[in-house]
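Here is a short tour to read alongside the coordinates.

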Amino acid sequence: MSNKFGVLVFPGTWSEGDWLYALSEVMGLNAEYVFHKQTNLHEFDCLVIPGGFSYGDYLRPGAIARFSPVMGSLIKFANAGGPVVGSCNGFQVLCEAGLLPGALIRNKSLEFRCQSQNLRVANNNSPFTSELDIDEILSLPISHGDGNYFVDEQTLAQMESNGQIAFQYCNSDGEITDESNPNGSVSNIAGVTNESGNVLGLMPHPERVVEQILGGTDGLKLLASINNFLSRPEN
Amino acid sequence: MENLQLLLEQTALTNDEYDLIVRKIGRDPNVLELGLFGALWSEHCGYKHSKSLLRTFPNDSEAVKVKAGEENAGVIDIGDGLGVVFKIESHNHPSAVEPYQGAATGIGGIVRDILAMGARPIALLNSLRFGELSKARNRYLFEGVVAGISGYGNCIGVPNVGGEVLFAPSYDGNPLVNAMCVGLLQIDQLMRSAATIPGSLLMVVGSATGRDGIHGASGLASRSFDEDREMRPTVQVGDPFLEKVLIEGCLEAASSGYVDAMQDMGAAGLTSSVMECVAKGGTGVDLNVDLVPRRESGMSAYEIMLSESQERMLLIVQPANEEHVKSLFAKWDLVAITIGTVTSSGRARIYEEGKIVADLDIPTLVEAPIYQPDSRRPAYLDELLNVAMPPAPNVKDVLKIFKLLLASPNISSKKQVYSRYDHEVQTRTVVKPGEGDAAVLRLKQSTRGLAVSVDGNARYTYLSPYVGGAMAVAEACRNVAVTGSTPIAVTDCLNFGNPEKPEVYYQLQECIRGMSDACRSLGVPVISGNVSLYNETEGKSIFPTAIVGALGVINDCEKLIPTSFQNIGDCVLLVGQGLNIDETSMPASEYLARMYELEAGNPHFDLQREASLQKFLLEVGALGLLNSAHDCSEGGVAVAIAECCIVGGIGFNGTGDWQNPRWDTVLFGELPSRVIVSCDTAVENQLMEIALRYELPITNLGITKAEDFTIDSLLTCSIHELSDVYYKGLDSALN
């Protein structure tokens with residue numbers, strides 16, 4: 001039986017169609033939507049929280065979605081070691097739900113940014129990065145107004161020593177610079193994992209670069225990592 | 001009625017119109033009835049000054065499935081069972097009063113127009129005009145409008161893929177915000193808006209009705225600006241989250257089979273949406289305002305009927321399907337509520353607290369009088385058309401002038417605007433903002449794609465309304481054609497001053513004549529549109545501004561022709577009028593405006609040449625002969641080549657015959673129907689032969705090379721230098 005991906009849909013989510021298309025049409029994987037009112041997640045091997053503005057994000061991005069019926073089950077799924085990836089608004093929801101450390105605050109520029117962005121792979125010890133090389137440079141698009149990742153220094157040091165920093169914004173040479181940071185995030189962080197590595201949050205949109213016609217295929221590397229990990233015999 | 005004059009003032013009806021109403025209904029209307037007439041007979045809903053002209057647009061072709069005017073927007077059949085629906089609409093007046101919400105709700109409104117057809121909104125574009133950025137008020141309006149489009153558009157998951165932003169003194173205090181939306185649907189799921197079956201229910205879904213936007217259509221959009229009047233309460237506040245769930249709910253409803261007709265509630269709210277549905281169906285309506293969900297208590301029938309609260313849709317549903325529809329929307333936590341019934345009476349009966357509070361014949365209500373205002377050629381034309389063009393400046397200043405143009409907010413990169421819009425969601429965008437003359441969206445169902453562009457140049461329309469109108473259609477279609485896509489239809493937004501002034505009416509008349517002629521020459525029907533009149537501040541009209549959105553189809557997205565240079569060593573050619581040009585290329589140019597602060601001269605345009613050029617582009621594109629193609633417009637040949645270089649990161653060596661005493665007009669003069677193309681040197685002759693067959697001049701300009709930009713002995717600089725000026729131009733103007 002092939003791995004089954006569940007793509008969450010909150011009211012206001014808008015990347016669910018792009019994720020489903022990338023997983024099922026481009027990669028030929030088994031994927032379906034999970035509406036936010038659903039609580040039984042037993043059939044899924046991996047859960048995706050896509051981008052968007054869940055509940056309008058009027059209070060704080062992800063702050064309302066975190067209380068959606070599906071989230072209780074998702075938290076159990078994650079705590080039992082199930083792989084969960086949240087992109088963009090999904091990252092914000094995971095932080096609000098306490099599955100990932102830190103918070104995503106308003107971009108330093110105070111403006112929304114939609115652009116292509118270079119990322120350096122900071123570690124490859126999670127299911128989502130297993131097929132990537134450390135220091136490899138990926139080009140993924142961002143599209144957010146609240147992607148400025150913040151944690152305190154102590155937590156950051158812990159995360160670094162645990163290898164929880166997954167991706168950092170960099171320039172085309174792979175250097176972590178202020179100029180290459182699109183939102184002011186601490187240490188140019190674009191994506192992090194939880195301590196055990198089964199939950200990943202990232203601001204960029206891997207599902208948007210899965211075909212050459214869309215300008216690149218670097219997103220596929222990330223998606224393939226997850227699928228290959230799930231397909232290992234021990235999983 | 002004691003305060004009749006005040007009421008007429010509020011509803012923007014004239015005394016003559018009041019008398020006409022009394023004659024038609026055989027009695028004095030009550031206040032509510034007068035409000036209904038005011039809304040439906042407003043310019044915004046009734047098109048009373050423009051309808052007779054709009055009827056002259058060609059509106060049909062083999063691909064047209066629904067014509068302009070039949071529904072919220074026309075529909076084009078693109079084959080494979082798919083339909084495309086698109087429309088452009090203005091939100092100028094609200095944006096002038098409250099830029100963020102004005103622009104935001106402009107996006108919301110055009111999206112619901114597309115949604116009402118059962119189509120998924122797949123792309124937004126916008127065309128914006130502001131006064132010069134040296135004035136603080138204009139900077140405030142610019143920032144507010146861009147933030148509003150960004151805030152609303154990003155939240156609803158529809159990519160904002162293209163558009164234009166231009167600045168000119170004529171838009172001081174009167175910005176133009178024209179928003180276009182493209183929708184995609186399965187042709188067999190096309191929704192209509194006619195309520196044809198008596199006994200059907202009227203249901204509203206979405207936002208509750210509040211006291212916002214009352215008199216928006218009649219008061220705000222159908223009158224000139226008046227600085228003394230506080231108009232902010234007539235602007236609505238948008239809720240993009242509600243719009244997003246409304247999109248999902250309505251699309252599910254449209255494909256469920258439980259809904260007979262759908263209509264958005266835009267200008268004039270319940271009044272126009274309900275009356276249009278029943279008027280189209282030849283039926284009547286009994287509507288109970290007590291059933292309309294409201295935001296606050298104590299609202300009168302008048303306020304409920306005329307509110308322009310956003311994010312509301314009207315559904316026509318047979319009683320047997322009522323519960324199905326309710327539960328369908330309940331999935332999205334939306335409440336669909338029945339507020340009335342379709343009848344066979346032919347009358348609009350409004351009930352409040354069990355009593356009839358309005359009772360009017362529907363055809364009378366929806367048929368606004370049609371005016372043929374006086375038309376007079378404006379006196380300014382004789383003066384401006386004969387202004388002598390300045391002589392060539394000192395050739396030593398050539399680089400300075402070149403940079404002045406590249407840095408002009410009208411030419412420089414709009415990156416700081418489009419990077420604030422999500423232009424990729426839905427993963428169809430294959431040519432993104434800043435990359436091409438048109439945005440291109442692939443259709444996931446096949447290899448095909450849609451190219452879309454929105455254009456207009458008011459300087460031309462001001463100096464020659466006929467030429468400007470024709471050129472707006474031509475440029476939008478040309479921008480689509482340079483990508484290798486065949487233009488198949490256009491939508492238009494006509495932004496003009498007060499049509500009751502004979503000079504303004506002349507501009508409108510001539511512009512529409514030019515647009516119609518261009519549509520016929522290029523074989524594109526007008527499938528939708530919008531008119532925004534009374535764009536005046538302190539008695540002064542804006543430049544007449546016709547904005548055209550064009551849509552084209554390309555069969556294979558892999559064969560798209562890029563805009564920028566692709567390879568080093570490619571041959572660069574100018575198709576269209578060559579380098580032997582003089583000051584006849586100066587009228588209405590950006591060069592003339594920036595250098596000499598002159599908006600003058602007599603522009604010319606040859607439609608036959610344009611049609612040949614577009615046919616040529618499609619033929620050589622299909623043969624795969626072009627490595628790039630870029631429309632040559634504001635800033636002339638030098639700027640067009642520079643754009644190909646900057647975006648492509650490739651240099652240019654102008655080895656062609658550039659010698660001309662009017663070097664300035666050669667480099668910066670503007671003539672329509674010109675395109676910069678690049679190709680392998682091996683196919684240059686083949687291209688020239690095909691151009692000859694279309695009787696098009698074609699000129700070798702030079703060759704692409706690494707890094708530097710050189711034109712003969714005239715101009716030398718690095719691409720890096722030009723990039724810097726081009727990408728920083730708008731920022732410098734803002735600061």
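The notes below cover a sheet, an interface and a nonpolar core, all taken from a predicted model.

## The sheet of chain A

Chain A holds an open sheet of nine strands, arranged in the order 2-1-3-4-11-10-9-6-7 with mixed pairing. At its edges sit strand 2 (30–35) and strand 7 (137–144) of chain A, each of which pairs on one side only. On average, neighbouring strands of this sheet are turned by 25 degrees against each other, direction ignored.

For a look at one pairing, take strand 9 (residues 165–169) and strand 10 (residues 189–193) of chain A: they run antiparallel and share three bridges. Within strand 10 of chain A, Val192(A) is the bridge partner of Ile165(A).

Helix 2 (residues 69–79) of chain A lies across several strands, including strand 1 (4–9) and strand 3 (46–49) of chain A, and runs at about 125 degrees to strand 4 of chain A.

## Where chain A touches chain B

In this interface, 22 residues of chain A are in contact with 23 residues of chain B. On the chain A side, helix 1 (16–26), strand 6 (113–121) and strand 7 each supply at least two residues. That side of chain A has 11 nonpolar, seven polar and four charged residues.

## The largest nonpolar core

The largest nonpolar core has 312 residues, and Leu315(B), Val473(B) and Cys645(B) touch the most other members. Helix 19 (residues 465–481) of chain B gives the most to this core, with 11 residues. Domain 1 (1–41 + 191–368) and domain 2 (562–735) of chain B both contribute residues, so the core lies between them.

Leaving out residues up to four places away in sequence, Cys645(B) touches several residues, among them Phe565(B), Phe652(B), Phe709(B) and Leu722(B).

How values were computed. Residues are numbered from 1 along each chain as its sequence is written. Chains are lettered from A and ligands numbered from 1 in the order in which they are written. This is a predicted model: local features need pLDDT of at least 70, side-chain atom pairs count only at pLDDT 80 or more; totals for chains, interfaces and linings use all residues. Two strands pair if DSSP finds at least two bridges between them. Helices (H or I, at least four residues) and strands (E, at least two) are DSSP runs, numbered from the N terminus. Axes are lines fitted to C-alpha atoms, for helices over the stretch in contact, and angles run from 0 to 180 degrees between N-to-C directions. Two residues are in contact if their C-beta atoms, placed from the backbone, lie within 7 Å. Ala, Val, Leu, Ile, Met, Phe, Trp, Tyr, Cys and Pro count as nonpolar, Asp, Glu, Lys and Arg as charged, and the others, Gly among them, as polar. A nonpolar core is a set of buried Ala, Val, Leu, Ile, Met, Phe, Trp, Tyr and Cys residues joined through C-beta atoms within 7 Å. A residue is buried if 20 or more other C-beta atoms lie within 10 Å of its own, exposed if 12 or fewer, and partly exposed in between; C-beta atoms are placed from the backbone. Domain bounds come from an automatic or database domain assignment.
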